[in-house]
Amino acid sequence: VLQQISGINVAIYYAPKIFTLAKFPNGLSIILSAAVSGVQMVATLFLSLLVDRVGRKPMCFIGLVFMALSLVILGTTFLLPGKPSGWLALVGMLAYRMAFSISLGPLPFIITAEIFPATCRASGAAVCWAANWAANFAVSLTFLSMLESM
């Protein structure tokens, strides 16, 4: 559930809206969203090469620290005037999605498969991922109404 509460699906689903709010034109916002998604895929591949050498726990903590810092950067950009703040928003979004991809993105899938004994692995994983998708639904459903109330 922490994976969803971190806001990753808001960052994915509403990235063009976020970039538009950061003063990018509509067309460029869509292109930037696609580019950020490409960078996220590369970061996930990077994790797959690194996780067994560094360990799951350190990668998770490193990613969480960078996620928090990048969200501070992203949030701060909306307090700054002018066009340069849009590029800072892009940096914040890139850093956030990359940090997610080396921590809360793929690691819960790996850990969920490892923590349950073989006799109840399928049921345990199913319950975990049902809770994860329910949290995704709740976060995604509430974002636009929260944004409009600001």
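Residues are numbered from 1 along each chain as its sequence is written, and side-chain values use heavy atoms, with hydrogens and water left out. Because the model is predicted, local features need pLDDT of at least 70 and side-chain atom pairs count only at pLDDT 80 or more, while totals for chains, interfaces and linings use all residues.

The largest nonpolar core has 25 residues, a core being a set of buried Ala, Val, Leu, Ile, Met, Phe, Trp, Tyr and Cys residues joined through side-chain atoms within 4.5 Å. Buried here means under 20% relative accessible area, exposed means over 50%, and partly exposed lies in between (1.4 Å probe, protein chains only). The residues with the most contacts inside this core are Phe19, Leu47, Met59, Met67, Met93 and Leu107. Two or more residues each come from helix 2 (8-13), helix 3 (15-21), helix 4 (26-54), helix 5 (56-77) and helix 6 (84-101), where helices are DSSP runs (H or I, at least four residues) numbered from the N terminus. Helix 6 gives the most, with 6 residues. Leaving aside residues up to four places away in sequence, Met67 touches Ser6, Tyr96, Ala99, Phe100, Ser103 and Leu104, contact meaning heavy atoms within 4.5 Å.

Next comes a helix pair. Helix 7 (residues 107-115) and helix 8 (residues 121-148) pack at an angle of about 145 degrees, with their axes 9 Å apart; axes are lines fitted to C-alpha atoms over the stretch in contact, and angles run from 0 to 180 degrees between N-to-C directions. In this contact, Pro108, Phe109, Thr112 and Ala113 of helix 7 meet Arg121, Ala125, Cys128 and Trp129 of helix 8. By class, the contact has 6 nonpolar, 1 polar and 1 charged residues.

The salt bridges complete the picture. With a side-chain nitrogen of Lys or Arg required within 4 Å of a carboxyl oxygen of Asp or Glu, the count comes to 2 salt bridges. Asp52 pairs with Arg56, the closest N and O atoms being 3.5 Å apart, and Glu114 pairs with Arg56 at 2.9 Å. Glu114 lies in helix 7 and Arg56 in helix 5, so this pair ties together parts that are 58 residues apart in sequence. Asp52 is exposed at 63% relative accessible area, whereas Arg56 is partly exposed at 24% and Glu114 is partly exposed at 45%.

Key:
Nonpolar A, V, L, I, M, F, W, Y, C, P; charged D, E, K, R; others polar.
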